[in-house]
Amino acid sequence: MTCKLCGTGGLPLFYTQGDRQQYKFYRCLRCRLVVYDTRTGVNQAKYIVSRVDPAAPTRQNRGHRQTYAFIRRHARPPAGGRLLDLGCGDGTVLWLARRDGWDVRGVELFPEHTKLVRDTLGLDVETADIMSYEGEEGAWDCVVLTHVLEHLPDPVAGLAKIRRLLKPGGVGVLEFPNIDAFDARLRRLLARLGIHRRRYAPDYVPGHVQEFCRASFLRAAERAGLALERWETYAINPVKYALFRHVPIGNKARVLVRRPR
Ligand SMILES: [Zn+2]
């Protein structure tokens with residue numbers, strides 16, 4: 001395996017998934033990126049949602065509210081800012097932003113999502129693959145990419161796309177798993193020692209093609225011409241969130257990057 005970030009070859013095995021340990025993830029010792037060997041297959045279809053209700057008291061909506069609160073804290077432009085959500089899913093972040101005065105648009109891979117979000121919330125959403133999406137260059141104050149980066153075959157190209165779409169000085173808000181979270185490290189240790197291995201459904205196939213930590217994300221952002229301004233970790237649980245925002249050991253990262261002026 002070769003590292004997608006720095007080109008180092010012969011990456012060592014880092015961990016496996018699946019009940020037969022058939023899914024293999026390798027780690028670059030130089031830039032810390034974790035790369036999945038996709039020859040054993042990738043499953044992206046498991047992320048389909050079938051219901052849209054931004055006001056429902058669900059765990060997922062609590063997550064969306066955290067995302068928007070972060071945007072509001074760090075990316076609030078003068079009135080009338082433009083926000084683009086790449087991979088907008090059920091549209092809740094767009095819905096929250098529009099309610100707060102942003103001019104919003106969404107892009108979604110699955111046509112089922114696009115239709116659902118348009119019909120239910122009346123939001124401007126189009127169906128496109130993020131990697132082939134052209135969009136309006138240099139037009140956005142904020143570009144959002146949540147739980148998408150780990151799925152993109154070429155993550156640096158995805159980040160470079162965010163840079164092109166942003167106005168100079170505009171910000172990107174991203175969320176993705178933090179592979180160096182405390183519980184992820186503990187799980188890997190227990191598996192290595194043979195004490196405990198996660199059980200997998202018989203039809204389990206990984207959905208992520210790479211995983212980031214702070215160091216590998218910083219490197220990817222820099223290669224794409226974006227400056228990393230904030231790195232926080234989070235959990236949906238409010239008590240854990242209060243801790244992880246300040247002690248960055250949570251299993252999901254929430255970051256702010258800026259296109260330099
Ligand atoms: Zn590397």
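This report describes the sheet, the helices packed on it and the salt bridges of a predicted model.

## The sheet

The model is predicted, and its sheet is open, with 7 strands in the order S6-S5-S4-S7-S8-S11-S10. The pairing in this sheet is mixed. At the edges are strand S6, residues 125-127, and strand S10, residues 227-234, each of which pairs on one side only. From one strand to the next, the twist averages 15 degrees.

In a regular strand, side chains alternate between the two faces of the sheet.

Strand S4 covers residues 82-86 and runs parallel to strand S7, residues 140-146, with 3 bridges joining the two. Leu-83 has Cys-142 of S7 standing opposite. S4 also pairs with S5, again in the parallel sense, over 5 bridges. Here Asp-85 has Gly-106 in S5 as its bridge partner.

S5 and S6 run parallel and are joined by 3 bridges. Glu-108 has its bridge partner in S6, namely Thr-127. Of the 6 residues of S5, 5 are buried, so the strand is largely enclosed by the rest of the structure.

One is made by S4, H2 and S5. The other consists of S5, helix H3 (residues 111-121) and S6.

## Helices on the sheet

Helix H1, residues 59-74, lies across S4, S7, S8, S10 and S11. Its direction is at about 30 degrees to S11, the strand of residues 252-258. Helix H2, residues 92-99, packs on the sheet as well, where it touches S4, S5 and S6. The direction of H2 makes about 170 degrees with that of S5, which spans residues 103-108.

Helix H4 runs from residue 155 to 165, and its buried residues are Pro-155, Val-156, Gly-158, Leu-159, Lys-161, Ile-162 and Leu-165. An α-helix has 3.6 residues a turn, so residues three or four places apart point the same way. The buried residues of H4 pack against the strands S4, S7 and S8, against strand S9 (210-211) and against helix H6 (214-223).

## Salt bridges

Side chains of opposite charge can pair when their charged atoms come close. The structure holds 15 salt bridges. One of them joins the side chains of Asp-103 and Arg-82, at 3.5 Å from N to O. This pair links distant parts of the chain, since Asp-103 is in strand S5 and Arg-82 in strand S4, 21 residues apart. Asp-103 is partly exposed, with a relative accessible area of 41%. Arg-82, at 18% relative accessibility, counts as buried because it falls under the 20% limit.

Another salt bridge is formed by the side chains of Lys-167 and Asp-141, at 3.2 Å from N to O. These two residues also connect distant parts of the chain: Lys-167 is in strand S8 and Asp-141 in strand S7, 26 residues apart. Lys-167 is partly exposed at a relative accessible area of 30%, whereas Asp-141 counts as buried at 16% relative accessibility.

Arg-230 and Glu-232 form a further salt bridge, in which the closest N and O atoms are 3.3 Å apart. Arg-230 is partly exposed, with a relative accessible area of 36%. Glu-232 has 4% relative accessibility and counts as buried. Elsewhere, salt bridges that share partners join Arg-82, Asp-103, Arg-105, Asp-124 and Glu-136 into one network.

## The surroundings of Arg-82

Arg-82 belongs to strand S4. What does its side chain meet in a polar contact? The partner is the side chain of Asp-103, at 3.5 Å.

Neighbours within four places in sequence are left aside in what follows. Arg-82 is then in contact with Trp-102, Asp-103, Arg-105, Glu-136, Ala-139, Trp-140, Asp-141 and Cys-142. Among these, Asp-103, Arg-105 and Glu-136 also belong to the salt-bridge network that includes Arg-82. Asp-141 takes part in the salt bridge with Lys-167, and Cys-142 is the residue of S7 that stands opposite Leu-83.

Conventions. Residues numbered from 1 in each chain as written. Predicted model: local features only at pLDDT ≥ 70, side-chain atom pairs only at ≥ 80, totals over all residues. Heavy atoms only, no water. Pairing = 2+ DSSP bridges. Helix = DSSP H or I, 4+ residues; strand = E, 2+ residues; numbered from the N terminus. Axes fitted to C-alpha atoms, helices over the stretch in contact; angles between N-to-C directions. Contact = heavy atoms within 4.5 Å. Salt bridge = Lys/Arg side-chain N within 4 Å of Asp/Glu carboxyl O. Buried < 20%, exposed > 50% of the residue type's maximum accessible area, 1.4 Å probe, protein only. Right-handed = clockwise from strand over helix to strand, strands pointing away. Polar contact = N/O pair within 3.5 Å; in protein donor to acceptor, adjacent residues only side chain to side chain.
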